[in-house]
Amino acid sequence: MPETKDLPACPVETTLMLIGDKWKVLILRDLMPGTKRFGELKKSIGSVSQKVLTAQLRDMEQKGLVNRRVFAEVPPRVEYSLTELGRSLKPILDAMQAWGEDYKAHNG
C-alpha cells in the first residue's frame with residue numbers, strides 16, 4: 001500500500017488514485033457480492049482484455065483493496081475477493097449507482 005507521505009494532499013485525489021479507473025470500479029462492483037474467479041470477473045465485466053484485467057487486479061491487490069487466493073490444483077484455481085478496505089468502498093459505489101439511475105431517469 002502507498003505510504004501516507006506518498007498520497008496526494010486532496011482526499012478526493014487519493015480516492016481517484018485508488019479507484020479512478022473504469023475497470024477498477026467495475027471490479028469493485030462485481031466483487032461486492034462475494035468471491036469470483038478470474039474467468040467469472042472477465043465475463044461479468046465484458047470488454048476488458050485479460051492483460052488489462054490482470055494488471056488492474058494486481059494493482060488493487062498491491063493497494064490492499066483485493067485479496068488473491070491461489071489453490072494448488074491442476075489447472076490452478078485463483079479466486080479474488082475484496083478486503084475489508086475494498087468493502088468499505090460500498091457506499092461510494094452505491095452513491096454512483098443511485099446517481100446513474102437518477103441521471104438515466106431524467107436524461108434517458
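Let me begin with a definition: a polar contact is a pair of N or O atoms within 3.5 Å; within protein, one atom must be able to donate a hydrogen and the other to accept it, and residues adjacent in sequence count only if both atoms are side-chain atoms. The model before you is predicted, so local features require pLDDT of at least 70 and side-chain atom pairs count only at pLDDT 80 or more, while totals for chains, interfaces and linings use all residues. Residues are numbered from 1 along each chain as its sequence is written, and side-chain values use heavy atoms, with hydrogens and water left out.

I start with Glu73. Its side chain makes a polar contact with the side chain of Arg77, at 2.9 Å. Glu73 belongs to the loop between strand E2 (66-71) and strand E3 (77-82); helices (H or I, at least four residues) and strands (E, at least two) are DSSP runs, numbered from the N terminus. With a relative accessible area of 35%, Glu73 is partly exposed. On this scale, buried means under 20% relative accessible area, exposed over 50%, and partly exposed in between, with a 1.4 Å probe and protein chains only.

Next, Lys36, in strand E1 (residues 36-37). Lys36 is buried yet has no salt bridge, and the nearest side chain of opposite charge, that of Asp30, is 5.7 Å away. Here Lys and Arg count as positive and Asp and Glu as negative, with His and the chain ends not counted; a salt bridge requires a side-chain nitrogen of Lys or Arg within 4 Å of a carboxyl oxygen of Asp or Glu. What does the side chain of Lys36 reach at 2.9 Å? It reaches the backbone oxygen of Asp30.

The largest nonpolar core has 20 residues, and Ile45, Leu53, Leu57, Val66 and Tyr80 have the most contacts inside it. Such a core is a set of buried Ala, Val, Leu, Ile, Met, Phe, Trp, Tyr and Cys residues joined through side-chain atoms within 4.5 Å. Two or more residues come from each of helix H2 (22-31), helix H3 (38-45), helix H4 (50-62) and E3, and H2 gives the most, with 5 residues. Leaving aside neighbours within four places in sequence, Ile45 is in contact (heavy atoms within 4.5 Å) with residues including Trp23, Leu26 and Leu53.

Finally, the structure holds 1 aromatic pair. Trp99 and Tyr103 are stacked, 5.3 Å centre to centre with 15° between the planes. Rings of Phe, Tyr and Trp (its six-membered ring) pair if their centres lie within 6.5 Å; planes under 30 degrees apart count as stacked, over 60 as edge-to-face and the rest as tilted. Both residues lie in helix H6 (residues 90-107), 4 residues apart, about one turn of the helix. Trp99 is exposed, at 59% relative accessibility, whereas Tyr103 is partly exposed, at 45%.
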